[in-house]
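Here is a short briefing to read with the structure open beside you. Please take a moment to look the fold over before going on.

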Amino acid sequence: MDCGTDERQHGHGGDGDAAEWKKVAELREVVEAQDPSAKEEDDFALRRFLRARDQNINKASAMLLRYLAWKRVTKPHGFISEDEVRGEIAKGRDRHQGFDRLGRPMSYLYGGRHFPVRRDHEDLKRYVVYVFDKICTRLPAGQEKFAAVIDLKGWGYANCDIRGYLAGLDIMQSYYPERLGRVFLIHVPYIFMAAWKIVYPLIDDKTKKKFVFVADRDLDATLRDAIDESQLPEEYGGKLKL
């Protein structure tokens with residue numbers, strides 16, 4: 001599995017129509033014939049790949065096979081340990097706590113705390129995978145998506161990391177499909193839009209709709225509409241201590 005949460009225990013539970021689950025079974029047959037390790041993936045995981053490719057079994061199977069090959073190389077032990085990314089954790093770029101009103105676990109990312117590296121992005125990529133897996137372990141039963149706030153307060157040219165952004169985006173879209181529910185971008189400086197114009201065309205159409213830019217004047221109302229006060233961090237006017 002891509003997150004370590006066995007959703008198979010929940011059963012299909014009427015979530016999704018019979019025709020879709022039939023396609024999931026067909027997808028499983030196609031993929032397991034080429035890579036037996038697909039047996040480790042539950043039906044919900046297969047359904048996410050199927051939905052990411054608009055129910056096209058050929059495209060979904062190709063995507064899933066790429067994921068399985070990537071997983072063997074990236075997570076040979078099934079996960080990335082905290083020790084492997086301790087240096088990245090110490091940078092304090094993200095926090096993961098609370099839930100939105102739809103029951104999706106919340107993540108808070110601080111763009112002004114990220115600085116690009118001159119070497120390759122292997123450490124960052126490894127950390128991105130660690131973070132996605134950590135997020136997914138917080139998913140409650142029956143929930144497959146998470147939501148996030150990207151806080152760009154203090155972001156400047158020194159923080160701009162197009163290669164890093166694209167690396168993270170590729171990991172999310174290629175290996176964690178249909179996991180992202182909504183992202184609020186807040187405290188967005190005007191200069192950030194230059195970077196966004198480069199990244200935006202490389203975001204798939206479904207994912208583009210999940211990014212919401214929030215003006216400062218609308219910040220309080222937008223966050224409170226999406227997140228209960230008890231689950232909203234204190235720094236944004238709520239009661240949750242991060």
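This is a predicted model: local features need pLDDT of at least 70, side-chain atom pairs count only at pLDDT 80 or more; totals for chains, interfaces and linings use all residues.

**An edge-to-face pair**
- Trp70 and Tyr176 make an edge-to-face aromatic pair, with 6.2 Å from centre to centre and 85° between the planes.
- Trp70 belongs to helix α3 (residues 57-74), while Tyr176 is in the loop between α6 (162-175) and β4, so this pair ties together parts that lie 106 residues apart in sequence.
- Trp70 counts as buried because its relative accessibility is 13%, which is under the 20% cut-off.
- Tyr176 is buried as well, with a relative accessible area of 1%.

**A stacked pair**
- The ring centres of Tyr108 and Tyr236 are 5.9 Å apart and their planes meet at 25°, so this pair is stacked; the cut-off for stacking is under 30 degrees.
- Distant parts of the chain are linked here: Tyr108 is in strand β2 (residues 105-110) and Tyr236 is in the segment after α9, 128 residues apart.
- Tyr108 and Tyr236 are both buried.

**The ring cluster**
- Phe49, Tyr67, Trp70, Phe132, Phe146, Tyr175 and Tyr176 are linked by ring pairs into a cluster.
- Tyr67, one of the cluster members, lies in helix α3.
- Tyr67 is buried, at a relative accessible area of 0%.
- Between Tyr67 and Ala148 there are 23 Å in space, C-alpha to C-alpha, and the two are 81 residues apart in sequence.

**Charges over rings**
- Arg113 has its charged end over the ring of Tyr110, 4.1 Å from the ring centre.
- Arg138 places its charged end over the ring of Phe99, 5.2 Å from the centre of that ring.

**The two sides of helix α9**
- Which residues of helix α9 (residues 219-226) are buried? They are Leu219, Leu223 and Ala226.
- These three cover an arc of only 70° around the axis, which puts them on the same side of α9.
- Ala221 and Asp225, on the other side of α9, are exposed.
- The cover over the buried residues of α9 includes β3 (146-151) and β4 (180-186).

Notes. Residues are numbered from 1 along each chain as its sequence is written. Side-chain values use heavy atoms; hydrogens and water are left out. Buried means under 20% relative accessible area, exposed over 50%, partly exposed in between (1.4 Å probe, protein chains only). Helices (H or I, at least four residues) and strands (E, at least two) are DSSP runs, numbered from the N terminus. The arc is that of the directions from the helix axis to the C-beta atoms. Contact means heavy atoms within 4.5 Å. Rings of Phe, Tyr and Trp (its six-membered ring) pair if their centres lie within 6.5 Å; planes under 30 degrees apart count as stacked, over 60 as edge-to-face and the rest as tilted. A charge sits over a ring if NZ of Lys or CZ of Arg is within 6 Å of the ring centre and within 35 degrees of the ring normal.
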